[in-house]
Amino acid sequence: MALGTILLVSTLAAPTAFFAACFFPSLRSAALAWQWLAPIPALLAAIVALANGPFDLEAPALKLSLRLDLPVAMVLAASALLWIAVGAGAFLGRGERPEPRVAVSWLLTMIGSLGVFVADDLLSFYLVYALASIPAYGMFAFDPSPATQRAGRVYMAFAILGEAFLLFGFGMLAAAEPHGGVRIPDVVAALPDSPWRDAALPLLIAGFGAKMGLVPLNGWMPLSYAATPIPAAAVLSGAGVKAGVIGLIRFLPLGAPLAGWGEALAVIGFATTFYGVAVGVTQQNPKAVLAYSSVSQMGVIAAALGMALAADNPDAPSIVAFYAANHVLVKGALFLTVGTFAARESRRTAWTVLAIALALSLAGLPFTGGALAKAASKPLFAGGLAASLAWASSAGSALLMLHFSARLPHAVEYDETTSPARLVRSWPLTAAGALFLPYLLFPFVGAFGDAFSLSKILDGLWPVLAGGLLALGLARYANRLPHIPTGDTLVAGEGAFDRSLASGAAFDQVDAVFRRWPAAGLTLLAIVLALAYAMV
Amino acid sequence: MTPTETTTPGGALLVLAILLPSVGILLSFALGSRAAERIALGSAAIALIVALAILAEVSRTGRPIVYAIAGLSPPLGIALRADGVSTVLLLTSALIVPAAGLYARAGFGTPSNARDSRKAFTFWIMLQAVSAALAIIFVSSDLFNLYVALELLTFAAVPLACVEGRAETFAAALRYLLFALFGSIFYLLGAALLYGAFGTLDIALLAQRMRPLPAVTAAAALMTAGLLAKTALFPLHLWLPPAHANAPPPASAVLSGLVVKGSFFLTVRLWFYVLPTLPAIGFDVILGALGSAAVMFGSVLALRQARLKLLIAYSTIAQIGYLFLIFPLGSGLHPWAADGWNGGLMQVLAHAFAKAAMFLAAGLLYESLGHDKIADFSGAARAMPMAFLTLGLAGLSLMGLPPSGGFAAKWLLLRASVSSGQWIWALVLLLGGLLAAGYVYRILAPALSDAAVVLKAPPRRTGEAIALTLAIVAVALGFAPESFFELLDIGRPALTTAGLP
């Protein structure tokens, strides 16, 4: 296991070393330009974990424990690969390189994004989770245009709000652990019998849900992806968002059936799934459409986890992780697709076909990685209603992704859709990789013979065809669709927030009162009396 | 535990910690501002060594070190005593004072061709007086002795606040002085009542003789209220924003980072060391509630300030609020009280370093931009990356995001409030963190955006390095190992009095 342990440490140590190198002026530009190599140990660690089983490491002196097990290794492999592929494209081209402070933000986000897969105690997890969220601000929000500043503000507000939910939830987890330990498996094992269980679970769901864009905490996602440059959007939507998914996988007590909470999460998940489709089809910016597709897909994952929590399915973590790994690759590649189509003057038919196949992979188009993900997740949606909803969600995805394909030729009309030349040139390879690399991971969750039976292929085909029909209908009534602003409910939230700012004036008045001498003197006396009264 | 405290090995270090700045003040008076600067910085360097030696001795023996002045133990004589908390606070003061001093050389230095200036003279003497007063407060175990130190602290802090000599700083300082005097009177009255009731003012003896008498009730209420006034706990904060926001940056750093902690520390001494056996049910809730109100009001008002220094001053009011959660969360013999105690003290340290760093960074911004209007910071981060990095790192601690001392404090307090079932304080911690994120965002976001900015003067490299170092310490506190918290527990009364009824 020595190799595994070394790789586990290097998963965090390698990108951290690149970050440390930034403090030396002579090394800085090289460290930033070559940072796309930093996730290689993470990729290797994931591969070794997949081949040899889980490994972990405890360093009590550093208050740090790390662990990499099979379900998580699948998502880590996909995420590390995405960081490497997109990073290489973004940083190798000399003229198009992001400026240093953006590159540093990129690096910090990468450390956090890789770290959430391996951190195994509450405090380390909270640290890397914050790293995966907060520095990402710098990947898109330095532009002074009002739209970007607004997106940055909203992004930050949701990130901090999610952190607060999680901190509260983590506090309850730690308080319930009988031996005062903070290792995640220990605190989660103590959760089902914890007196704070019914307070901790909603906080965890809200905290991770904010990162995943679960309704009603979804508004930040389309807003910030629309403002984010293509390479950053690819890694954030692919790898970054999975911090929330991994959080749910790690922190939900999936071994103990909790029917009520499982069903609640499933309801939130399905609601998010269909909400994402419904709002997504009204969007014109292809990046916003992709963001709503992410919302919808994260809803599927939340629903799957909810069903698993209710029914105590031991395979759920692996299945959900495989689904998430597929989404890492496909969503990352789809954002690169936007950049590619914004860059090409003449588009080849073959490329359009490839783009549509990639898009429909999310709906489970047969023979794509997405079809494998749908086939694998099927056992989680056993039973009448859940199976029907899962079927309908695939049809909805097909609809949304066909809408995306239709909007793709207009990509050039929108801000932040240009992509570095290398990413454009290598796009066919990236897209093919995203379509078929999930085949390598599939043996961990299912059997090919089963997945390629005729009935399974037809199972996968029907929702896509249904989505196609819906898309035809949508095209007919496109001009009658309501106009929903990007960010949907968030816009109302912003209005309420602005109005609440007006109440700050009342605080000024209170301050003015207490800053007058008579008031301050009386307060002092009142405090004396109150304290004396409390002691009598 | 015997009531008589006799000198332990290393006890003389405590005398040194107090005498050093006092001798420095006398020498400075005699030799003028040029020498005062050198004496202040030199004695600060020695004070740091002394503080480290005390730390080494306390952590080596695992027990408080004691010095009985003139060999007389209380009640006849006066004892000096350094437990884990006082040791750590001594070190904090011994780090922040020289940092402020080195930073201040640019503004309060006396160039070789210039004559001695009254401004510089005042600054360097008062800086030493602050560190003398704090040293006495941290190691003294006699309530009258502490009164004298508290007065010295006020009389040193007020001139620091108005050393620039502008009209508005005088008004602010006068306000500060008057309110602090009210506080002193209340404290003194309370101390007199205790002396009347028990015939001693030694903390350990008082704790032993403590009985629930009416005089004790009155004394505790008066002394606490007086100390709250000096700590500027909301709603007794009227003097703080103008005094801290108008003082020169190194003075603000000391005032906000250290001086308010002096009277807070005395409040802790009073309730945890003198009165812990008293059946006072509601006082901790009152102090916690006032602290919570401070967190909310201070943070919201910080969000509304147009000037950076005022924002930072209101943020101090909010952060002081967190300190008072130590009373509901750190008292008693409950298993969670250790978390509350450690969390409250970690907040003292984290805020001391973070706030000092912020005021120094704000000073650098003022020097280079010629203003401290937040609305006009657009693009300034590109021109002054170090100053904004300092604000960002210190802000991380104020928000309570990891890795930082502020996060460690918040985590411990949060865990204590969940374990003890006192939910309300957990909500205060989280809401306060969100509001802090809001005001830190307000400083940083416009500065980080791409816009052109013209500097009046390039930032001072040494000033930047000092401010950044303080901010890094605030962040590094987040990595404090378990042994650090064991150090804080040395001499903690809940542990030593565990056998008492």
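**View 1. Salt bridges across the whole structure.** Searching the whole structure turns up 25 salt bridges over all chains, where a salt bridge is a side-chain nitrogen of Lys or Arg within 4 Å of a carboxyl oxygen of Asp or Glu. One of them joins the side chains of Asp120(A) and Arg250(A), at 2.4 Å from N to O. This pair ties together distant parts of the chain, 130 residues apart: Asp120(A) sits in the loop between α5 (100–118) and α6 of chain A, and Arg250(A) in helix α12 (residues 242–251) of chain A. Helices here are DSSP runs (H or I, at least four residues), numbered from the N terminus. A quick note before moving on: this is a predicted model, where local features need pLDDT of at least 70 and side-chain atom pairs count only at pLDDT 80 or more, while totals for chains, interfaces and linings use all residues. Residues are numbered from 1 along each chain as its sequence is written, chains are lettered from A and ligands numbered from 1 in the order in which they are written, and side-chain values use heavy atoms, leaving out hydrogens and water.

**View 2. Where chain A meets chain B.** The contact (heavy atoms within 4.5 Å) draws 53 residues from chain A and 61 residues from chain B. Together the two chains bury about 4,900 Å², with 77% of it on carbon and sulfur atoms; buried area is the accessible area (1.4 Å probe) that two parts lose on being put together, summed over both. Three salt bridges run between chain A and chain B. The side chains of Arg101(A) and Asp450(B) form a salt bridge there, 2.6 Å from N to O.

**View 3. Chain A's side of the contact.** On the side of chain A that touches chain B, the elements giving two or more residues are α6 (122–133), α7 (146–176), α25 (504–514) and α26 (517–535) of chain A. The top contributor is α7(A), with 15 residues.

**View 4. Two helices of chain B side by side.** Helix α1 (residues 11–31) and helix α2 (residues 33–61) of chain B have axes that come within 9 Å and cross at roughly 175 degrees. The axes are lines fitted to C-alpha atoms over the stretch in contact, with angles from 0 to 180 degrees between N-to-C directions. So α1(B) and α2(B) are roughly antiparallel to each other, a label for angles over 145 degrees. Among the residues making the contact are Leu13(B), Leu20(B) and Leu27(B) of α1(B), along with Ile39(B), Ile46(B) and Val50(B) of α2(B).

View 5. Most residues other than glycine have a negative phi, and most peptide bonds are trans. The peptide bond from Val215(A) to Pro216(A) is cis, with omega near 5 degrees, and Pro216(A) lies in the loop between α9 (197–212) and α10 (220–227) of chain A. Over in chain B, Pro402(B) and Pro403(B) are joined by a cis peptide bond with omega about -10 degrees. Glu416(A), a residue other than glycine, has a positive phi near 55 degrees.

Conventions
Angles under 35 degrees count as roughly parallel, over 145 as roughly antiparallel, 65 to 115 as roughly perpendicular and the rest as oblique.
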